[in-house]
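Here is a short tour of a structure for someone meeting it for the first time. Keep the sequence and the 3D view open while reading.

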Amino acid sequence: MEKEKVVEVRRLYAAFDDTVVLSDVSFSAYQGEVTVILGGSGSGKTTLLKHLLALYPVERGYVSVLGQDLARLREVEQVTLYLQMGVFYQSGALLNSLTVAENIALPLAQHSDLPKELIDEIVHMKLGLVNLSHAFHLYPSQLSGGMMKRAALARAIVMDPPLLFCDEPGAGLDPVLLESLDNLILNLKNKLGMSIIMVTHEVSSILRVADRIVFLDKGVVVLEGPLTKALHSEVPAVKEFFSVMKNENVRELLK
Amino acid sequence: MRRKRKSFPQDICCGSEVVARLDRDILKMKGKLTVNEAAVFTNVFFKCFRHPSVKKLRIDLSRLENIDSAGVMALFYVQKKLKEKGVAVAMEGASESVQDKIRLFFPETDILQDPPIKPFFLEDLGNQMTHFFHSYVVGFLLLASNLFYWGFTDVFRPWARRRGEVVNQAVLIGVNAVLIVVFLSFVIGYVIALHSSSQLRTFGANIFVVDLVVFSIMSQMGPLITAILVAGRSGSAIAAEIATMKVTAELDAIKTMGLNPMRFVVVPKLYACMFTMPFLIVFANVAGITGGGLAAQVYLDITPEIFINRMQDIMMAKDLYTALVKSQAYAAIIVLTGSFYGLRVERGAEGVGRMTTVAVVVSITLVILADSVLGVIFY
C-alpha cells in the first residue's frame, strides 16, 4: 500500500528579480519517513524550504503540505496547518527576550488551555529529551551554539507535530551530539510516526536517518528516491556529493 | 596623406621585456604573463591587432614560461573580444605547468558579461517612482491598516496577546523615558522664559511671560519634545528589535508556531506607546511650566503665587485635549514607522543599523509634519 503524501510539490518555480532560484521542482515526501533535501550552496534548498513553510508565496506551481494547497490557504487555515508542523531553524531562532523554558512553552501557552504547572512539566520533559534540563531558566544568549540548537528542537517538537521541518540541524554540532540528535530524530519517526523533512549536509546524518533523498542542483531536482538510489546514482552532481565523503559507512552501505 | 600601414611582426613589451610578438595571424607569447604584464599585454595587443583580413588567430604558448590567474584572464579576455569581431582563436603549445594553470583559472562560461543596459533617464526616474510608491507608500498603508485592525480587535481579546508584554513595553517605552523627558522639558521651559524676559521687561509686560510659557509648552513644545524624544529613543529600539528578529528568523519562527508576528510583537508596543505617551506629555508640560516659572521668578520677580494665578486664567481645557489627541497620533506614527522599517530589513547586521537610522529620521520627520497638520486643525 502506498504511503500517504505529507508534502507534494509540483512544477514549483521561484525567482527573485531576474534570478531563477527554483525551476520546475517536483517531489513528494511520505508519511513516517525522513526526507532529506540535499544540494550544494545556492542550489535553492532554503528557498524551497521557505515555500514549504508558506513563508514565501507560491507564485507558480503547486505545493501541498498535509493535504493543504498552500496557494489557496486562508489565514485561519494557515494557523491550523502551522499547529501541525514543527520547524527547527538553522539558527535556532529562539526569542531572545524569553528564557529557554518560556520559548519552548510558547506554542503550548498560546494554543492550549493547559495549566502553567503542566506546561512546565512538559517543557522539562522535552528539555530532558534533548539533554538540556539544566537550561530551563537560561536565556538564549547564555547558551552555546549546540545548546541553542537542542533548545530549538525541543520547541519544534513541543506540540508533538505530525510533520517536522529541520533546516541544517547538525551544522556546528560535535559528532557525539550529532549522533544523539540523529537518534532523537529516528525515535520521533519510529515511535511517534512523525514525518520529517530535513535540509542537511552532514553525510553521517544522512546515512543514519534518511529514507528518501531529494537532490537539488541549480534549482532543479536532479534526483528523487530512496537513499540507496542516491548512493548508486550516476547523476554527476549526486555522484560528486557522495564521492567526496570518504566515509566507511558509505562503502559499507554500497557493499 | 596616405595612412601608414602597420608592419609585422610587432613586439608587445612590458618595460624592456618582450612579452609577445604579433605576426599577422600568429601571436607568440614569451617569458611570463603575470599580473604585471597582463594589463600592458591586453592594452597594446588591441592597438596592434587591426588586421581585417585575419579570421583566425593562433596563440603560440610554447615559449611562455610562467602565467598566473591575471595572465589567464588576459588570454580569456583577448579570446572573447576577438570572438565578438568574428576572429577565431586557437591556443597551442603550452607547457604542462602553463596548461595546468589555464585549466584551473580559465572560466567555463562567459563570466565577462556585458553590463546591463542603463535605462533612459526618464524611464529610470519612472521606475524609481513606481518602486517607491509600491514599496513605501502602499507598503506603509498596508502595514498601518494591518496594525490598526489587529490593534483595534485585540483590545477585546486580551487572551490573544502575550501575557505581560504590554506592561513590559510600557515600562521600556514610557516609564524609562520619564526622566529625560522631564529634564529636557524643564530646561526648554526655563530657556523660553529666560529669552522672553528681557523683551517683556522692556515693555513692562512681565506678567505675560506666564502666557508665553504656558501657551507654548502646552500646545506645542511639550507634546513635540516628548514625541521627538520617544521617536529617537523607542522608535529606534522598535526598529532595531524587529529588524534583528527578522534577520535571526525569530519572526519566521513566530509565524510557523501559528502566531501572528503583528499581534505578538507590534500590537503590544502600539498599546504601550499609546498608553504612556499622554502621561509623558503631561509630565513634560508640568516640567516645562515649572522651568518657565523658575526663570520668571529669577529674572522677572514673578512669584509662584502670581504665576499660578495667572496660569489658571489662561490655561484652557482645549490645550489638554489637543495634547492628548496629538499624543495618540505621535504614538501611532512612532510604532508604525519603527515596525515598518524593522520589517524591511535586508542584508543582516548592516541592514539593521541602516534601517534603525532611517526609522528614526523618518519618524521624527513624520511627527513634525503631523504636529504642523494638527496645529492647523486645532488652531
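## A buried loop residue

Start at V345(B). V345(B) counts as buried, because 23 C-beta neighbours lie inside 10 Å. V345(B) sits in the loop between α11 and α12 (348–377) of chain B. Helices (H or I, at least four residues) and strands (E, at least two) are DSSP runs, numbered from the N terminus.

What does V345(B) touch, not counting residues up to four places away in sequence? The list is A243(B), K246(B), V247(B), G351(B), V352(B) and M355(B). Two residues are in contact if their C-beta atoms, placed from the backbone, lie within 7 Å. I281(B) is 64 residues from V345(B) in sequence, and their C-alpha atoms are 31 Å apart in space.

## Model and confidence

This is a predicted model, in which local features need pLDDT of at least 70 and side-chain atom pairs count only at pLDDT 80 or more, while totals for chains, interfaces and linings use all residues. Residues are numbered from 1 along each chain as its sequence is written, and chains are lettered from A and ligands numbered from 1 in the order in which they are written.

The model scores ipTM 0.76 and pTM 0.72. pLDDT is the predictor's confidence in each residue, from 0 to 100. Chain A has a mean pLDDT of 86, with 95% of its residues at 70 or more. Within chain A, confidence is lowest in helix α10 (residues 248–254), at a mean of 55. It is highest in strand β8 (residues 195–199) of chain A, at 93.

For chain B the mean pLDDT is 86, and 95% of its residues reach 70 or more. Residues 109–113 of chain B have pLDDT below 50, and this stretch has 3 contacts in the model beyond near neighbours in sequence.

## Two domains in chain B

Chain B splits into domain 1 (10–105) and domain 2 (141–378). These bounds come from an automatic or database domain assignment. The centres of domain 1 of chain B and domain 2 of chain B, taken over C-alpha atoms, are 68 Å apart.

S53(B) lies in the loop between α1 (35–48) and β4 (56–67) of chain B. Is S53(B) buried or exposed? S53(B) counts as exposed, because it has 6 C-beta neighbours inside 10 Å. From S53(B) to V361(B) is 308 residues in sequence and 64 Å in space, C-alpha to C-alpha.

Helix α7 (residues 208–247) of chain B has 40 residues. Its first and last C-alpha atoms are 55 Å apart, close to the 58 Å expected at 1.5 Å a residue. The expected span is 1.5 Å times one less than the number of residues. α7(B) bends by about 55 degrees at I217(B); the bend is the angle between axes fitted to the seven residues ending there and the seven starting there. Of the 40 residues of α7(B), 30 are buried, so the rest of the structure largely encloses this helix. Just after α7(B), A249(B) has a positive phi of about 65 degrees.

G235(B) belongs to helix α7 of chain B. G235(B) is buried, because 33 C-beta neighbours lie inside 10 Å. Leaving out residues up to four places away in sequence, its contacts include I334(B), T337(B), G338(B) and A359(B). T357(B) is 122 residues from G235(B) along the chain, yet their C-alpha atoms are separated by 9.7 Å.

Helix α11 (residues 317–343) of chain B has 27 residues.

## Where the chains meet

10 residues of chain B are in contact with 15 residues of chain A. The chain B side has 4 nonpolar, 3 polar and 3 charged residues. Here Ala, Val, Leu, Ile, Met, Phe, Trp, Tyr, Cys and Pro count as nonpolar, Asp, Glu, Lys and Arg as charged, and the others, Gly among them, as polar.

Definitions and conventions:
A residue is buried if 20 or more other C-beta atoms lie within 10 Å of its own, exposed if 12 or fewer, and partly exposed in between; C-beta atoms are placed from the backbone.
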